[in-house]
Amino acid sequence: MVPDISTGGRTYGLLAYLYGPGRREEHTDPHLVAAWIPELAPDPGRDPAATLKQLTDRLDLPVLALPKHRRPAQHVWHCPVRTAPGDRHLTDAEWAEVARRIVHATGISEDGDDKACRWIAVRHAHDHIHIVATLKREDGRSPRRHEDGIRAQAECRKIEKEWGLQILNEGDRTAAQRPTSAERAKAERAGRTATAREILRERVRQALAGAASEEEFFRRLAEAGLRVDKRLAPSGDTLGYKVALPGDRNRHGEPIWFPGSKLAPDLSLPKIRQRLHIGPPADTPKLGSRPGEHLPRPARARREATDVAEQATVVLAGDNDAESAAHLVGVGELLDGLAQASPPSTRKELTEAARAFERATRSHIRAESADNRALRSAARGIIRAGNALGKGEDGGATAMLLSTMVLVTIAAARWHSARGHAQQAAAAQQAAQHLRSAYRQAAATPMIAMREQGRSLPEPMRQRYATSLEAALPEQAGHLRREPGWDALAATLALAERAGHDPDALLQQAIALRELETADNITDVLVWRLRRLGNLPITAGTPRVRTGQRVTPQPSRAPQPQAYQPPDRTESHTSHPRNARGR
């Protein structure tokens with residue numbers, strides 16, 4: 001059950017919408033289910049003699065009784081309350097009780113208070129009601145509704161438990177502010193799928209991803225086409241900022257500005273400065289003589305980001321909460337950067353993943369003193385390398401990174417879940433689902449090519465690699481050889497051997513990085529680990545070896561992994577928990 005509180009200034013306009021047909025003719029049988037005093041509230045939905053003007057006048061009477069200078073500009077309190085998909089349909093009597101409990105919990109009209117605000121509850125659909133109140137009591141005072149959104153959420157959780165409804169995740173007041181109903185309606189009229197607030201939040205986060213300085217951040221905002229207005233001190237120092245979409249204006253023709261703090265708690269200028277104060281992200285290191293320096297810049301940046309993302313899973317499995325919280329912010333920046341520079345085939349899913357994970361980057365655990373420069377550098381490197389192609393080394397390196405990013409987001413979900421951060425855990429799981437879809441898109445072409453290479457290997461060589469797999473994973477080898485990725489794994493082991501690695505040693509090294517029990521496709525996971533550890537290209541052909549010929553294995557030259565054994569890691573999704581939209 002989700003309440004969504006907002007305020008406005010036009011009682012009649014809101015009632016006309018509630019009793020009208022709706023924007024898509026979705027309203028059916030609009031009528032009152034409850035009111036402050038039912039006998040005093042005319043119901044235009046059921047009484048042919050009642051009018052919206054009469055209902056408006058009754059609700060507004062305590063406000064109009066005051067001198068004009070005492071009337072609040074935003075005097076209408078509006079709270080839709082909606083059940084979760086799959087919940088049973090509540091009766092009118094049950095919705096009436098919900099409304100009475102919400103207005104009592106929020107301070108609008110407490111039980112037994114005959115001087116409380118006037119309110120009504122309108123139902124025009126089976127799954128929700130709209131509570132409307134005017135924000136002056138009968139005695140002329142304003143209601144005490146401090147933190148009314150939090151209190152409404154708490155009351156909804158009680159109702160869910162008492163009535164056997166789905167229990168949604170509670171917020172912790174670190175979520176970004178939701179768009180108002182007016183903002184959603186305006187976006188709908190403009191033909192946009194997102195509100196101005198949501199579009200601006202995403203673009204500001206993208207401008208911040210990997211930014212090295214405050215100046216670069218503001219430059220990126222301007223390059224993104226946003227209107228930017230800085231609040232300056234007499235000394236010329238910047239005190240704050242606000243942004244607006246071009247062409248987004250109010251009824252007076254003025255730009256509709258959003259301060260950073262109204263987009264998200266961590267997008268205020270002081271919070272941005274705290275993030276930048278940790279230190280600017282270093283430029284992407286040059287590969288020098290390392291294998292892979294010949295790769296295209298996008299592929300190289302993604303390979304380097306994969307190493308950094310791998311380390312983030314280690315941090316999230318540790319016990320340093322401040323460092324973990326900082327790395328979650330860095331992971332968010334990496335996803336923002338990856339979404340900006342992704343090919344069309346994966347851009348939609350990666351954008352959705354970054355958008356979902358945004359909620360997982362904030363909690364009450366402070367992260368100011370921790371260092372996430374490596375992740376921020378990886379985001380910067382991906383952005384500066386430019387858009388990746390969806391094929392060749394770019395496509396393969398993207399798949400390699402996405403395979404690891406799924407792991408990182410699952411680790412983030414576990415970290416949040418262990419600390420009771422229900423909404424953040426759900427957001428991380430949702431991001432993992434989008435990343436899994438993006439991975440399937442990115443990996444399709446390179447995996448097909450690798451499988452064809454694997455099938456072309458001589459059978460004695462394939463059998464030798466099968467024996468190596470059985471020695472390394474004796475209980476799983478039979479199943480793995482039936483997976484679609486077995487041929488790609490064989491091709492990768494052959495390529496590693498041709499490059500001078502000992503394939504047995506490199507395979508053991510890949511397996512030892514972390515557990516494989518919960519991976520959706522173990523062979524896929526091992527393919528990307530081997531290619532990363534061995535600095536093997538994605539698109540290089542596999543050697544054609546005549547039957548009976550064997551390449552003499554050399555000691556593995558793969559980079560040695562960090563000396564750690566992360567506990568209980570997963571590389572697959574769990575189901576997406578339900579998430580309340582409230583903060």
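Reader: How do β4 and β6 pair, and over how many bridges?

Author: In this predicted model, strand β4 and strand β6, which covers residues 128–134, pair in the antiparallel sense over seven bridges.

Reader: Which other strands pair with β4?

Author: Strand β1, residues 2–3, pairs with β4 in the antiparallel sense over two bridges. Strand β2, residues 6–8, also pairs with β4 in the antiparallel sense, over three bridges.

Reader: Which residue in β4 is the bridge partner of P3, and which stands opposite S6?

Author: The bridge partner of P3 in β4 is V81. S6 stands opposite H78.

Reader: And is β4 mostly covered or mostly open?

Author: Strand β4, which runs over residues 76–82, is mostly covered, with six of its seven residues buried.

Reader: What about β5, how many of its residues are buried?

Author: Seven of the seven residues of β5, residues 119–125, are buried, so this strand is largely enclosed by the rest of the structure.

Reader: Which strands does β5 run antiparallel to?

Author: Strand β3, residues 31–35, is joined to β5 by four bridges, and the two run antiparallel. There, A34 stands opposite A121. Six bridges join β5 to β6, again in the antiparallel sense.

Reader: What do β5 and β6 form, and how many residues are between them?

Author: The two strands form a hairpin with two residues between them. Within this pairing, the bridge partner of W119 in β6 is A133.

Reader: Changing topic to helices. At what angle do α11 and α12 pack?

Author: Helix α11, residues 321–340, and helix α12, residues 344–357, pack at an angle of about 155°, and their axes are 8 Å apart. That angle makes α11 roughly antiparallel to α12, because an angle over 145 degrees counts as roughly antiparallel.

Reader: Is the crossing left-handed or right-handed?

Author: The crossing of α11 past α12 is left-handed.

Reader: Which residues of the two helices meet?

Author: On the α11 side, the residues include L328, V331, L335 and A339. On the α12 side, they include R347, L350, A354 and F357.

Reader: Why would residues a few places apart point the same way?

Author: An α-helix has 3.6 residues a turn, so residues three or four places apart point the same way.

Reader: Where does R275 lie, and why does it count as buried?

Author: R275 lies in helix α9, residues 269–277. It counts as buried because its relative accessibility is 9%, and buried means under 20%.

Reader: What is R275 in contact with?

Author: Leaving aside neighbours within four places in sequence, R275 is in contact with L208, D266, V329, E333 and R376.

Reader: And α5, which of its residues are buried, and what do they pack against?

Author: The buried residues of α5, which spans residues 181–189, are E183, A185 and A187. They pack against α6 (196–208) and β9 (258–259). Helix α5 is followed by G191, whose phi is positive, near 80°.

Reader: Last one: how many helices and strands does the chain have, and what percentage of its residues is buried?

Author: The chain has 20 helices and nine strands. Of its 583 residues, 55% are buried. The chain exposes about 26200 Å², and carbon and sulfur atoms supply 50% of that area.

Technical notes:
Residues numbered from 1 in each chain as written. Predicted model: local features only at pLDDT ≥ 70, side-chain atom pairs only at ≥ 80, totals over all residues. Heavy atoms only, no water. Buried < 20%, exposed > 50% of the residue type's maximum accessible area, 1.4 Å probe, protein only. Pairing = 2+ DSSP bridges. Contact = heavy atoms within 4.5 Å. Areas by Shrake-Rupley, 256 points an atom, 1.4 Å probe, with all protein chains shown as cover. Axes fitted to C-alpha atoms, helices over the stretch in contact; angles between N-to-C directions. Parallel < 35°, antiparallel > 145°, perpendicular 65-115°, else oblique. Left-handed = near helix turned anticlockwise from the far one by under 90°.
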